Protein chains: 2
Amino acid sequence: MGKFLKKHYIMAPGPTPVPNDILTEGAKETIHHRTPQFVSIMEETLESAKYIFQTKHNVYAFASTGTGAMEAAVANLVSPGDKVIVVVAGKFGERWRELCQAYGADIVEIALEWGDAVTPEQIEEALNKNPDAKVVFTTYSETSTGTVIDLEGIARVTKEKDVVLVTDAVSALGAEPLKMDEWGVDLVVTGSQKGLMLPPGLALISLNDKAWGLVEKSRSPRYYFDLRAYRKSYPDNPYTPAVNMIYMLRKALQMIKEEGIENVWERHRILGDATRAAVKALGLELLSKRPGNVVTAVKVPEGIDGKQIPKIMRDKYGVTIAGGQAKLKGKIFRIAHLGYMSPFDTITAISALELTLKELGYEFELGVGVKAAEAVFAKEFIGE
Amino acid sequence: MGKFLKKHYIMAPGPTPVPNDILTEGAKETIHHRTPQFVSIMEETLESAKYIFQTKHNVYAFASTGTGAMEAAVANLVSPGDKVIVVVAGKFGERWRELCQAYGADIVEIALEWGDAVTPEQIEEALNKNPDAKVVFTTYSETSTGTVIDLEGIARVTKEKDVVLVTDAVSALGAEPLKMDEWGVDLVVTGSQKGLMLPPGLALISLNDKAWGLVEKSRSPRYYFDLRAYRKSYPDNPYTPAVNMIYMLRKALQMIKEEGIENVWERHRILGDATRAAVKALGLELLSKRPGNVVTAVKVPEGIDGKQIPKIMRDKYGVTIAGGQAKLKGKIFRIAHLGYMSPFDTITAISALELTLKELGYEFELGVGVKAAEAVFAKEFIGE
């Protein structure tokens, strides 16, 4: 059996591949954060971050992963005993629920099948039944199931009501269209290791005046994540900012601006389409009822050991995809098309998947998945 | 038409992709070259370089590209008026001829069609006709045509005679089996930006006692490339060595040793097989009559503008392959499988080629090339 140079291809929904042009920014000299030089870098970076949220409101950055930003949202908006609506249709919906529990909220849960997407109507119904709810917590892209919700439609519902709409856009930002101000999403959180093409370790958050209204009233204990401190010191950071991560973020934002955010969204749509076409051609089934362009969750076919799929792809071919989480362990596998990815990353993932499925005894015609993905690219890039 | 994230894939026969683990070595502090610290690094590096030449003789490194090492070979072996045999079956055979001309040699040329491979019998015949020839200059892998010669067979001929066998292994080293001592190749030159996975700028040369015999007698002017100076100062360098390139070379040699040189050769063979299978499945024809595993040269099909193929692949898809050189311009294109490359690099190249050929109006079934390459990998890696 032939030997193989194992290059590493990260095709999981975070961390995603970091371009060398960003990595080298991270390798630049760490300067002191309380210098005019660094504060000017912070200002440039945070101002340009508004573009990816499509907002005129401030964006705040702090050293933490996405979960920290989610905690910031809960701690700043929710006081003990406050009624909140939490959508749970996967692992990251559960995380909102756990955070709200930790802060003593009175939780109204919209519990859905994993793979389902909450609808604007379901949100409206829950709000009509609970007019005293102060916050709606949603997951724009539920990474555990590859599902994206109709955030624009949901915002249309909440905009008219005295309720704050929060969304976890940790995996969605930069992959799915997001227009915070135009749609009326009140608070958005994200993390660095996804569509932003950075290593893990930095979280971003932006909120509008409606959300600030609750922040002023929150009685929850908070210090590191107290958004009032960040607003007060903006663009400086109240504590020590993650200097080199900020360098990298600045570069990532330049790259996204150069590509154009609409083009970035469109690129993810095309990679998602190609992945879905390949999966279908291979005779496999999607988990999600409303699949998004962040990650494609695929049901493990009958008779195949699901845990072997990511294992062989990683250990034998160097291609890191994700398996299922929690109750979906062994039942699905997930191929990301997130961040710094080109069509050939998708071709690579499908090709490694085909070799792996062949080894596991799944019956299909070798090459049909890649062919279907190529056909999507041919249509998109040369119009045939 | 969809937009595209243009990642860069170097699939030309040099420079080849440089792994980050090597690039970061190049980013390390430049220390002074006349320190025990650096001389010890030089020694470790040059000693371990013997492994890739499969020789017990010293390997010398200097700052230049492969052409400089070729000049070193000519200047050190050939005196004005010396009779030499030069095989010319492509652009790099021509380079030997030009160098021998520059140094006033009496040239016996074995001129072949570009794409042909010189045989041991042809060498033997030339030597029988020219028993006074002092050197035979060969090109192990003729990069301009994707052809590899039977170097082992040729060495079997020259070993028994009073003639020095020189080979240009600039693109071959690390891709094609090479056993300098066992086969009896007297002088081998190579460059850094090929199988060694380094940026351009460093050349390596190794020679045995038979070759040293001519070096002692050469009356040609030489200074920077005077091999006697390198032998005298070994492992130190007579002039300033390319410090950071040496760091990178050390790392590259570690990586090759870890993979195992036989595995490296075998990997190139598999990628070559897959590329040839894909080309055939696409209904295309190879240029070479004895194709090697460094680069695959493919004839441009009838009715297609050959110059457009590398242009579209590079400008639209970010995949840099090579066109034809000199008399083959526009008539062939060349896809490398050289250096730091995995099966998915080959899949990427074939996929980009398919999209490009489709755009140019060449008729074939989309996906057949990738499928054929995948079938080679399936056979090699999972035995079916």
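This section describes the domains, sheet, cores and selected loop residues of a predicted model. Local features need pLDDT of at least 70, side-chain atom pairs count only at pLDDT 80 or more, and totals for chains, interfaces and linings use all residues. Residues are numbered from 1 along each chain as its sequence is written, chains are lettered from A and ligands numbered from 1 in the order in which they are written, and side-chain values use heavy atoms, with hydrogens and water left out.

Chain A is divided into domain 1 (9–16 + 260–382) and domain 2 (31–259). These bounds come from an automatic or database domain assignment. The centres of the two domains of chain A, taken over C-alpha atoms, are separated by 28 Å. Domain 1 of chain A gives 31 residues to the contact and domain 2 of chain A gives 36. Contact means heavy atoms within 4.5 Å.

Chain A holds an open sheet of 7 strands in the order 2-10-9-8-5-3-4, with mixed pairing. Strands (E, at least two residues) and helices (H or I, at least four) are DSSP runs, numbered from the N terminus. Two strands pair if DSSP finds at least two bridges between them. Strand 2 (59–63) and strand 4 (106–111) of chain A stand at the edges; each has a single partner strand, so one side of each is left without a neighbour in the sheet. The twist averages 20 degrees from one strand to the next. Strand 2 of chain A runs antiparallel to strand 10 (residues 202–207) of chain A, and 5 bridges join them. There, A:Ala63 has A:Leu202 as its bridge partner.

Axes are lines fitted to C-alpha atoms, for helices over the stretch in contact, and angles run from 0 to 180 degrees between N-to-C directions.

The largest nonpolar core has 96 residues, of which B:Leu77, B:Trp96 and B:Phe137 touch the most other members. Such a core is a set of buried Ala, Val, Leu, Ile, Met, Phe, Trp, Tyr and Cys residues joined through side-chain atoms within 4.5 Å. Its largest share, 9 residues, comes from helix 10 (residues 243–259) of chain B. Domain 1 and domain 2 of chain B each supply at least three residues to this core. Another core, of 95 residues, lies apart from it and includes A:Ile123 and A:Tyr230.

A:Thr145 lies in the loop between strand 6 (141–142) and strand 7 (147–148) of chain A. A:Thr145 is buried, with a relative accessible area of 0%. Buried means under 20% relative accessible area, exposed over 50%, and partly exposed in between (1.4 Å probe, protein chains only). Beyond residues up to four places away in sequence, A:Thr145 touches residues including A:Trp114 and A:Leu328.

A:Gln54 has phi near 50 degrees and is partly exposed, at 24%. A:Ala326 has phi of about 50 degrees and is exposed, at 52%. The peptide bond from A:Gly14 to A:Pro15 is cis, with omega near -5 degrees.
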